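Dear colleague,

I am handing over the structure that you will be working with, and below it you will find an account of what was found. Please keep the model open while you read.

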Amino acid sequence: MSGTGVEIRDVARRFGPGAAALDGVSLSVRPGEFVALLGPSGSGKTTLLRILGGLDHADAGSVAIGGRDMAGVPARERGIGFVFQSYALFRHMDVFSNVAFGLRVRRRNRPPAAEIAERVRRLLSLVQIPEMERRYPDQLSGGQRQRVALARALAIEPSLLLLDEPFGALDAQVRKDLRLWLRGLQEEVGITTILVTHDQDEAMEVADRVAVMRAGRIAQFGTPDALLENPADAFVAGFLGEANRLLCTVRAGVAHFEGDALPPLPVQAPEGRALAFIRPHELLARAAPDGPFTLRALRPAGPGTRLVVTGPRGSFDAVAAPDAPLPRRGEPCALEAQAARIFPA
Ligand code: ADP
Ligand code: MG
């Protein structure tokens with residue numbers, strides 16, 4: 001198995017008179033790359049995935065997979081593996097038959113039974129449930145079912161794997177384990193993968209690049225680091241990672257925070273009213289007898305103990321200044337921003 005590139009150009013899709021579900025989406029995925037589509041509910045992620053898979057059509061724009069334009073190519077001829085959140089396995093079929101299904105129903109190129117069996121066993125060991133081939137779906141845990149769904153998707157040796165919230169129905173720890181496992185598997189198999197999720201941790205942890213979607217558009221496409229370091233706009237800055245928000249005014253390259261709550265900070269931003277996004281590790285708290293903030297809670301975590309401080313304008317997540325004693329709960333504090341991302345308010 002190996003991956004193909006995907007070229008999505010100016011794809012639009014409208015379902016009714018309201019806002020478009022997709023409003024001019026372009027995205028280029030490299031062969032073998034793992035891309036996450038991340039965005040709030042309703043931002044168009046599933047619609048884009050369905051259009052890629054040939055389960056829905058675009059009103060405008062084009063999709064090419066492996067350099068081939070997909071207009072008019074039916075879903076089953078696209079060489080795509082699909083896994084959905086509730087990808088109902090066939091309940092009356094055991095695990096083996098579920099995984100073999102896509103090969104057994106082939107009219108052309110159907111492998112002989114012995115080869116199908118060998119391929120299914122190889123896949124079940126790849127997804128690490130080799131001993132379960134005679135079980136039925138209702139005898140499996142949620143995580144095991146999704147592994148079967150993945151094995152079934154991979155059985156046809158797709159060149160592109162599309163996953164729509166595949167772990168959405170599982171509990172937090174299983175999700176975490178499975179996504180790391182998925183990433184390892186994807187690297188092993190080398191298949192181009194597009195994962196839809198609304199969970200930023202999931203996207204940031206597994207994907208080479210993340211496309212942040214908002215209202216049918218791609219707000220930004222980049223590596224997790226690039227998105228965190230250089231968010232394109234306030235939406236991305238607010239959506240990714242934790243960030244404190246503070247109003248400020250930029251004058252001559254210096255941000256002056258509302259109410260002078262924090263010392264002014266040199267920034268590169270246009271003049272005027274702005275919203276500053278400051279990540280907790282960029283916000284230092286130190287005990288100060290006449291400081292405007294009060295330490296409310298601290299989560300000891302070795303170096304960089306996380307602090308929650310409150311002030312007249314709400315509550316902030318900060319870290320303890322490394323050069324000062326740790327403030328005590330209830331003690332007055334001062335805050336200092338070391339960096340901020342600034343967007344016009
Ligand atoms: P996401 O997967 O990001 O939650 P979707 O792609 O499912 O978003 O939906 C994007 C928008 O398109 C939403 O406003 C949704 O209500 C609308 N939509 C999606 N599918 C249909 C459909 N089959 N009929 C009508 N509206 C739809
Ligand atoms: Mg969806």
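The centres of domain 1 and domain 2, taken over C-alpha atoms, are separated by 40 Å. Domain 1 covers 6-237 and domain 2 covers 243-344 of the protein chain, with bounds that come from an automatic or database domain assignment. Between them, 7 residues of domain 1 are in contact with 5 residues of domain 2, where contact means heavy atoms within 4.5 Å.

Before the details, a word on conventions. This is a predicted model, in which local features need pLDDT of at least 70 and side-chain atom pairs count only at pLDDT 80 or more, while totals for chains, interfaces and linings use all residues. Residues are numbered from 1 along each chain as its sequence is written, chains are lettered from A and ligands numbered from 1 in the order in which they are written, and side-chain values use heavy atoms, with hydrogens and water left out.

Helices (H or I, at least four residues) and strands (E, at least two) are DSSP runs, numbered from the N terminus. Two strands are said to pair if DSSP finds at least two bridges between them. Axes are lines fitted to C-alpha atoms, for helices over the stretch in contact, and angles run from 0 to 180 degrees between N-to-C directions.

An open sheet of 4 strands has the order 2-1-4-5, and its pairing is antiparallel. Its edge strands, each of which pairs on one side only, are strand 2 (22-29) and strand 5 (68-69). Strand 4 (residues 60-65) is joined to strand 5 by 2 bridges, the two running antiparallel, and Ile 65 stands opposite Arg 68 in strand 5. Helix 1 (residues 45-53) lies across strand 1 (6-13), strand 2 and strand 4, and runs at about 120° to strand 1.

Another open sheet is formed by 6 strands in the order 6-7-8-3-9-10, with mixed pairing. Here the edge strands are strand 6 (80-84) and strand 10 (217-222), each pairing on one side only, and the twist averages 15° from one strand to the next. Strand 9 (residues 209-214) pairs with strand 10 in the antiparallel sense over 5 bridges, with Val 212 opposite Gln 220 in strand 10. Helix 5 (residues 172-189) lies across strand 3 (34-38), strand 7 and strand 8 (192-197), running at about 140° to strand 3, whereas helix 4 lies across strand 6 and strand 7 (160-164), running at about 165° to strand 6.

Helix 4 also meets two other helices. The axes of helix 2 (residues 95-104) and helix 4 (residues 142-155) come within 7 Å and cross at roughly 25°. These two helices are therefore roughly parallel to each other, given that angles under 35 degrees count as roughly parallel, over 145 as roughly antiparallel, 65 to 115 as roughly perpendicular and the rest as oblique. The contact is made by Val 95, Asn 98, Val 99 and Leu 103 of helix 2 and by Val 148, Ala 151, Arg 152 and Ala 155 of helix 4. These residues divide into 6 nonpolar, 1 polar and 1 charged, where Ala, Val, Leu, Ile, Met, Phe, Trp, Tyr, Cys and Pro count as nonpolar, Asp, Glu, Lys and Arg as charged, and the others, Gly among them, as polar.

The axes of helix 3 (residues 113-126) and helix 4 come within 9 Å and cross at roughly 135°, and the two are therefore oblique to each other. In this contact, Arg 119, Leu 123, Leu 124 and Leu 126 of helix 3 meet Ala 151, Leu 154 and Ala 155 of helix 4, a set that divides into 6 nonpolar, no polar and 1 charged.

Strand 11 (residues 244-251) and strand 14 (residues 272-278) run antiparallel and are joined by 7 bridges, with Ile 278 in strand 14 as the bridge partner of Asn 244. Strand 14 is also joined to strand 20 (residues 341-344) by 4 bridges, again antiparallel, and the bridge partner of Leu 275 in strand 20 is Phe 343.
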